Amino acid sequence: MITFLSCIALLIVGYFTYGKYVEKVFGVKEARTTPAYTHADGVDYIAMSTPKNSLIQLLNIAGTGPIFGPIMGALYGPAAFIWIVVGCIFAGAVHDYLTGMISIRNRGAHLPELASKFLGKVMKHVVNAFAVLLLLLVGTVFVTTPADLLYVVMDQKVSVTLIIAAIFIYYILATLLPVDKIIGRLYPYFGALLLISALGVGIGLVATGANIPEISLQNFHPANAPIFPLLFFTITCGALSGFHATQTPIISRTTQNENQGRKIFYGMMIAEGIIAMIWAAAAMSLFDGYNGLSDFLANGGPGAVVSEASTMMLGAIGGTLAVLGVVVLPITSGDTAFRSARMIIADYINFAQKKFSSRLWIAIPLFAVSLALTQIDFNILWRYFSWANQSTAVIALFVGAMYLYIAKKNYWISLIPGTFMLLMVLTYILNAPIGFGLSWNTAWIGGAIGTVALVALFFSAAKKARANNLPLEEDISGWKRSA
């Protein structure tokens, strides 16, 4: 219990200390007008308030990530707590903040465009394909998963096909309509549901004196899965997740002032870390140890853990609300996944989205592909999701490091977590059966060599970019003169 409460306190302190330091390093320009005004189009570029942007950002980056991931990661024991706290403060929140702020400085650009500008034009095509595939898979999975859950919740009285059709209709509307029409109106309520259910479970753990394990570096995983590097692919949302880099630019286009960035980007990542801590603690303490949790997961999956823990801590009504939250949360990531994919494709082909028909030209084939994917088994692609997700996080952190290097600021705040995760990503794919299947020793050596080589390439490119005075931000002086 002491470890649990200390970790929550550290996350909050991290926001007010390290978050403030990261903000200072970046250098907020309160007088600089944001894309919400300079590119206002009434669709994607719309100024919205900080509370609304914060709750939308929380749901955009969350989904079921800060719940299911920590529940699975709880099998490793209290080491999961360390990764959530350290990863959230020094990696995930830095990743989200820099991605969001650099995007604001560059007309709300998405990661492929930022990678093209700061890491080279070749990266534009690679990251674009990577990001769209990632978002398409997430969007499709978050059609079928909540549809199956709703099918059970409604006692199998409504066909899965009809439920899938209803979810698709919602996704299409959320993808096409202006961001303040559906997402801006519904998300604050969904965000409140996420926060209330998590806080309810957290307070319940404290009030009942749950036997939450104290800090330990011992690996408790029943299958003896190694903490390095597998824990960093199990707990992503809640610590560090590349998916956030695809979602954050949505809010970069609706932020009113740069001084709101720490609350929206860094702060919501800290909030996600607290949610992750609560669910990890619940999973470790309520299921008769790690073997009991493993058996429970084998029989019902993380959704069953949420239902059982919520009922224990919140009673029947609270438990039902929590289950409804599990249904709603993937939908709130699915809709923004499709919306983000539309925006990325539009940026890639330089196709303005103000006209409704222009949005349809991109959305129709996007949803057609997704509908086709629901009819086939795409597990062969989905099993690469965690690796692709953390690879995207590495790219975003290196973009942040490059920006700060060119600006002659402390780029280590982004390069160190980026290098650490680069080592994990390379080692994982070299060892994993879905990758090269090498032994752990060989994978670690190969991962280390690859990491050193890529970091050396980074410094080589960074020195050239600084020498060439690569512009760090969009020139909006013309807009100021005409305003």
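**Close-up views of a predicted model**

**View 1. Helix α5 is mostly covered, with 7 of its 9 residues buried.** The helix spans residues 65–73 of what is a predicted model. Its buried residues are Gly65, Pro66, Ile67, Gly69, Pro70, Ile71 and Gly73.

**View 2. Glu23 is a buried residue of helix α2.** The helix runs over residues 18–26, and Glu23 has a relative accessibility of 12%. Glu23 counts as buried because this value falls below the 20% cut-off. Leaving aside residues up to four places away in sequence, Glu23 touches Val28, Tyr97, Asn259 and Arg262.

**View 3. Two arginines lie over tyrosine rings.** Arg262, one of the residues that Glu23 touches, is placed over the face of Tyr15, at 4.7 Å from the ring centre. Arg466 has its charged end over the ring of Tyr405, 3.9 Å from the centre of that ring. Tyr405 is also a member of an aromatic cluster, shown in the next view.

**View 4. Phe398 and Phe458 form an edge-to-face aromatic pair within a cluster.** The count for the model comes to 26 aromatic pairs. In the pair of Phe398 and Phe458, the centres are 5.4 Å apart and the planes make an angle of 90 degrees. Phe398 belongs to helix α17 (residues 385–406) and Phe458 to helix α19 (residues 440–467), so the pair ties together parts that are 60 residues apart in sequence. Phe398 and Phe458 are both buried. The cluster consists of Phe398, Tyr405, Tyr411, Trp412, Phe458 and Phe459.

**View 5. A nonpolar patch on the surface includes Ile349.** The patch is formed by Tyr348, Ile349, Phe351 and Trp361, which together have about 450 Å² of accessible area. Ile349 is located in the loop between α14 (289–348) and α15 (356–373). Its relative accessible area is 48%, so Ile349 is partly exposed.

**View 6. Asn350 has a positive phi in the loop between α14 and α15.** The phi angle of Asn350 is about 55 degrees, although the residue is not a glycine. Most residues other than glycine have a negative phi. Asn350 is exposed, its relative accessible area being 69%.

View 7. Asn469 is found in the loop between α19 and α20 (477–482).

**View 8. The peptide bond from Phe228 to Pro229 is cis.** Omega for this bond is near 5 degrees. Most peptide bonds are trans. Pro229 is located in helix α11, which covers residues 227–234.

How values were computed:
Residues are numbered from 1 along each chain as its sequence is written. This is a predicted model: local features need pLDDT of at least 70, side-chain atom pairs count only at pLDDT 80 or more; totals for chains, interfaces and linings use all residues. Side-chain values use heavy atoms; hydrogens and water are left out. Helices (H or I, at least four residues) and strands (E, at least two) are DSSP runs, numbered from the N terminus. Buried means under 20% relative accessible area, exposed over 50%, partly exposed in between (1.4 Å probe, protein chains only). Contact means heavy atoms within 4.5 Å. Patches are made of residues with over 30% relative accessible area and no salt bridge: like charges are joined within 9 Å, nonpolar side chains (Val, Leu, Ile, Met, Phe, Trp, Tyr) within 5 Å. Accessible areas come from the Shrake-Rupley method with a 1.4 Å probe; for residues, only the protein chains shown count as cover. A salt bridge is a side-chain nitrogen of Lys or Arg within 4 Å of a carboxyl oxygen of Asp or Glu. Rings of Phe, Tyr and Trp (its six-membered ring) pair if their centres lie within 6.5 Å; planes under 30 degrees apart count as stacked, over 60 as edge-to-face and the rest as tilted. A charge sits over a ring if NZ of Lys or CZ of Arg is within 6 Å of the ring centre and within 35 degrees of the ring normal.
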